[in-house]
Amino acid sequence: MKGSLIIVGFFALGVICGVFNWIPSDWLSGDLSFYALCGLMFSVGLSIGHDPQTIQNFRSLNPRLMLLPICTILGTLSAVALISLVFPHRTTPECMAVGSGFGYYSLSSIFITEYKGAELGTVALLSNIAREIMTLLGAPLMVRWFGNLAPISSGGATTMDTTLPIITQCAGQRFVIVSIFHGFVVDFSVPFLVTFFCSI
């Protein structure tokens with residue numbers, strides 16, 4: 001939760017700097033967001049490759065639970081495709097690009113801003129932050145009403161980092177590996193799916 005608030009704080013600071021022209025416009029006209037994206041992708045790869053236990057943990061998974069990230073991806077995209085019918089001013093691929101962030105607001109919003117502009121990038125940022133916060137706050141109720149896998153699916157790409165502690169607390173220690181695997185697979189799908197839907 002603290003990490004989400006910090007991200008939102010930086011976003012608000014950026015909006016304020018833009019409104020009052022506190023940042024020189026020639027800085028913004030270059031490839032600043034592209035370099036930020038490259039740095040972000042490097043950090044993601046570094047964090048995954050740095051943990052030597054990752055591969056060993058994945059090998060211990062129940063094969064049926066390996067389908068959970070696929071169900072999360074397909075379920076999210078199906079729901080977003082239906083919801084897009086309510087927003088006639090946005091195309092279905094644009095809505096699906098936003099949904100393809102799966103809670104990974106920093107990466108998906110940069111991609112969408114690059115491809116579709118700042119307005120849709122902002123929508124993606126807020127939508128994916130809302131998904132993470134909903135999981136952080138609603139995990140106990142999700143476990144009670146829908147079972148131990150519900151907050152993992154709800155958390156999307158965040159289940160191997162920011163929402164992992166609350167999932168562990170609510171669903172139990174035995175779901176830690178499932179949560180990490182789920183987050184890893186969904187996280188890995190984000191750049192591919194977002195850019196695919198943005199390019200349609």
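Modeller: Let us begin with pockets. On a 1 Å grid over the protein atoms alone, a pocket is an open set of points where a 1.4 Å probe fits, with protein on both sides within 12 Å along at least five of seven lines; lining residues have an atom within 4 Å of a point. The model is predicted, and local features need pLDDT of at least 70, side-chain atom pairs pLDDT 80 or more, while totals for chains, interfaces and linings use all residues. Residues are numbered from 1 along each chain as its sequence is written, and side-chain values use heavy atoms, without hydrogens and water.

Biologist: How many residues line the second largest pocket, and which lie nearest its centre?

Modeller: The lining has 23 residues, with Val80, Cys95, Val98, Gly99 and Ser127 nearest the centre. Two or more lining residues come from each of α5 (68-83), α6 (92-99), α8 (118-146) and α9 (150-155). Helices here are DSSP runs (H or I, at least four residues), numbered from the N terminus. The largest share, 8 residues, belongs to α8.

Biologist: What is the make-up of this lining by class?

Modeller: Ala, Val, Leu, Ile, Met, Phe, Trp, Tyr, Cys and Pro count as nonpolar, Asp, Glu, Lys and Arg as charged, and the others, Gly among them, as polar. On that scheme the lining of the second largest pocket holds 11 nonpolar, 8 polar and 4 charged residues.

Biologist: Which salt bridges does Arg90 form?

Modeller: Side chains of opposite charge can pair when their charged atoms come close. The criterion is a side-chain nitrogen of Lys or Arg within 4 Å of a carboxyl oxygen of Asp or Glu. Arg90 pairs with Glu94, the closest N and O atoms being 3.6 Å apart, and with Glu119, where they are 3.3 Å apart. The latter pair links distant parts of the chain, since Arg90 lies in the loop between α5 and α6 and Glu119 in helix α8, 29 residues apart.

Biologist: Is Glu119 buried or exposed?

Modeller: Buried means under 20% relative accessible area, exposed over 50%, and partly exposed in between (1.4 Å probe, protein chains only). Glu119 counts as exposed because its relative accessibility is 57%, whereas Glu94 and Arg90 are both buried. Across the protein chain, buried residues make up 40% of the 200 residues.

Biologist: Where is Trp22 placed?

Modeller: Trp22 sits in the loop between α1 (2-19) and α2 (25-28), and it counts as exposed because its relative accessibility is 53%.
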